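Dear colleague,

I am handing over a structure for you to look through, and I have set out below what was found in it. Please keep it open beside this message as you read.

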Amino acid sequence: MHNDWQEEEEDNFNVALSQRTEELYRVPNLEPDGAGVIEALVLPLRDLVIFPRMVSPIFVGREPSLLAVQRAQIEDWTVVGLVQQDADLDDPETLEDFLPVGVEMAVGRLLQMPDGSSSALAQGRRRVQLLEITQTRPVMRARCRVVFEPQKPDRTMQALMRSALDLFDRCVQLDRTIPEEAHLFALNISEPGWLADMIATAVSLKVEDKQALLLTAEPRERLLKINALLAQEVDVLELEDEIHSRVQSEVDRSQREFYLREQMKAIQTELGEGDIWTRDITELKKKVADANLPDEPLVVALKEIDRLNQMPPMAPEVGIIRTYIDWIVELPWSSLTEDNLDVRNAARILDRDHYGLKKAKDRILEYIAVRSLKPKKDRQPILCFVGPPGTGKTSLGRSIADSLGRKFVRVSLGGVRDEAEIRGHRRTYIGALPGRIIQTMKRAGSANPLFMLDEIDKLGADFRGDPSSALLEVLDPEQNNSFSDHYLEMPFDLSRVMFITTANALGSIPPALLDRMEVIEFPGYIEEEKLIIAERYLIPRQIAENGIDDLDLALEQEALKRVIREYTFEAGVRNLEREIGRMCRKVARMKAEGKRYPEAITPDLVEKLLGPQQFFQTEAEGEDEVGVVTGLAWTENGGEIMFVEVAVLEGKGGMQITGQVGDVMQESAQAGISYLKSRARSLDLDPEIFDGLDIHIHLPEGAIPKDGPSGGITMTTALVSAFTGRPVLKDVAMTGEITLRGRVLPVGGVREKVLAAHRAGIKTVILPKRNKKDLIELPRQVRSELKIVLVEHMDKVLEVALGPEAVQKRPQPRKHDDDSRD
């Protein structure tokens, strides 16, 4: 019954369509005048191209267009369809608004559409060339010249027509939207222009391509273009067909696999072997039961297994859930290693692996001592080792783990910018994983490893979040017993983990994160320490690594000193080990080539093995000089001596300081000048001379940036020397901050500075009195060989540093002519 009704509706529709089409054919073409020109009503078209002899529906919405269609139907006229250059233009009025070629066409009855617009069938009749717009309101009219086309094709056009028909046949076969009757209709067309227009209407072409075909009046050119467009369309359709066939084969294969799996499941059930999927679920439950999980992870794991059991084996979420359960089972929720709390054994291991580093070793031994007295202590220390590269921060962490008997794991945070690196991704994302903290805990295999977070000062932040904020929970003893990872979505206890972080500087660490850590500074090694480290660790290791341990090669201490001073410039010992390795490789090559090799490396042999000297240390002045003072500076690579030079010139009371000096050091220079002016009379200086003299302060090695307040007394001493003519003693060096009242304030890096003075041959070092506490860190030999003068006021500095008598004339400003006449 339903089919009969549907067939009846289709028949009625076809009859109505046939009637509307017949109405179009009854409308006659407009008669052109003697010049082949017609004047007709204009129907503007948006993104629609109607070709001659082709029937197509059009939609009419604009008022002038409706009036034009209604007038044409009343008068039984054809209209000219003109394609707009800009489809968004609502009121086209000029020639420039339309394509220069349009189509004369007949328009059928208007039908009302649900959206308020009207629709009608239009039949193209012939091409016309637009000459002028003669009227725009209330309806648009235009004068156009009819374009006549040759009817009979020559041999070239026949070849083009055959090629187009072949390509069109291929399109009909591949494109299901083109009816098969279209190719039969094309075969019966004998006119070349009509054939090109018919194919352009049937094939899905871009509007730009259709407009180009409409503008091409010559049938031969039109056939060439339609052939090129058909070739492109065939290529695209063939690719679509290939993709469709591939997808269909995949679907067929999936259905076949499903059918075979169902058969296999039935066979296994008959044989009593059970289903593979069921067996996997059973093994997973056993794995969870044997993992000794705490209550919450156990409940979550069993719940996920139940979800897994209800899913088909080929469901997309199966792999995600399996991976999640594996992570829960493999994490060390309660697996602990037993701590070795023997303080003496720990001290022996730490001293065996590292020389020096007393503060860090003492802190670890204190922790072990407390744990031995209170084994149930849960809170672990969170330490931050800060120091220059190569000072043993990471390797000390390994030794601490060995001394405690804990597993050692390390994560490098350098360059990490994504918060998800710490907390993980939520499981809604494809390929989600836990963060580095949980991943590393799984790798450790115990709940109480020694966890080293390397390069914590190199963390970054961007639009993905701030990883340092995520570490606040990890490194807070009050919170890390319930650390929440986005992937796990359940608390994980990190309170039994001993965290040690490393950094080269504290400036880039956020204050909130720094506050959670106990900072232990690793100062750079001094020369004496480097000598011991090289003899105990570096030389034996490099001899063994380079295969010359059977040569009994010796490296004399003076040769080693030369390597340290002339071929390395660092706070740590990495480059020192590289240079020692270079010398060992040279000797190994000599042995391998059968040449004579040295039994001991002497100072003279160092240059032959390592080449010319790479670094030059600054040495003390050879004689006392006026206006030149030896200062002391701290760098990451250790201490250095630094000269401050002052020149007093005729001028107008100006001051300049050069040598790439920072703001703080410039302010110290200003404070020194102010102090000098305030003490001018006590120094037997005329206060008025400063207005006629310019002061130039220079710090050599201008390519190296310099800053800090510790050069205050150095620059002040140089100023006083330059103005009084008293020389600065060559074997005196100093460091300290100065105030306007002449007080000397404490500074940092005293240990490195004093050792640099000792290496440079300085005999007397002037230090702020409040730095007396730092002298404890100095080697006994250095303290015995140096005269260290502790001062509180600038007067004492001048008393120690300057010679008693002036050796050159004091600078005087040049007198003006008026003054000389007076």
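A salt bridge is counted here when a side-chain nitrogen of Lys or Arg lies within 4 Å of a carboxyl oxygen of Asp or Glu. By that rule the side chains of Lys358 and Asp362 form one, with a distance of 2.9 Å from N to O. Please bear in mind throughout that this is a predicted model, and that the rule gives a count of 42 salt bridges.

Lys358 and Asp362 both belong to helix H12 (residues 358-373), where they are four residues apart, or about one turn of the helix. In general, an α-helix has 3.6 residues a turn, so residues three or four places apart point the same way. With a relative accessible area of 61%, Lys358 is exposed, whereas Asp362, at 30% relative accessibility, counts as partly exposed.

The side chains of Asp290 and Lys286 meet in a salt bridge of 3.1 Å, N to O, and, being four residues apart in helix H8 (residues 276-290), they are separated by about one helical turn. Asp290 counts as exposed because its relative accessibility is 54%, and Lys286 counts as exposed at 56%.

Glu593 and Arg589 form a further salt bridge, in which the closest N and O atoms are 2.9 Å apart. Of these two, Glu593 is partly exposed at 40% relative accessibility, while Arg589 is exposed at 58%.

Gly193 and Glu221 are 28 residues apart in sequence, and their C-alpha atoms are 9.5 Å apart in space. Glu221 is found in helix H7 (residues 219-271) and, at 39% relative accessibility, counts as partly exposed.

Let me turn next to a sheet. In which order do its five strands stand? The order is E9-E10-E13-E8-E14, in an open sheet with parallel pairing. Strand E9 (408-412) and strand E14 (518-521) are at the edges and have a single partner strand each, so one side of each is left without a neighbour in the sheet. On average, and with direction ignored, neighbouring strands of this sheet are turned by 20° against each other.

Within the sheet, strand E10 (residues 450-454) pairs with strand E13 (residues 498-503) in the parallel sense over four bridges, and Leu453 stands opposite Thr501 in E13. Helix H13 (residues 393-404) packs on the sheet and touches strand E8 (382-386), E9, E10 and E13, its direction making about 175° with that of E10.

Finally, a word on confidence. The mean pLDDT of the protein chain is 83, with 93% of its residues reaching 70 or more. Confidence is highest in strand E24 (residues 764-768), at a mean of 94, and lowest in helix H27 (residues 817-821), at 43. Over residues 817-822 pLDDT stays under 50, and for this stretch the model has zero contacts beyond four places in sequence. Where pLDDT is low, the predicted coordinates should not be read in detail.

With best wishes

Technical notes. Residues are numbered from 1 along each chain as its sequence is written. This is a predicted model: local features need pLDDT of at least 70, side-chain atom pairs count only at pLDDT 80 or more; totals for chains, interfaces and linings use all residues. Side-chain values use heavy atoms; hydrogens and water are left out. Two strands pair if DSSP finds at least two bridges between them. Helices (H or I, at least four residues) and strands (E, at least two) are DSSP runs, numbered from the N terminus. Axes are lines fitted to C-alpha atoms, for helices over the stretch in contact, and angles run from 0 to 180 degrees between N-to-C directions. Contact means heavy atoms within 4.5 Å. Buried means under 20% relative accessible area, exposed over 50%, partly exposed in between (1.4 Å probe, protein chains only). pLDDT is the predictor's confidence in each residue, from 0 to 100.
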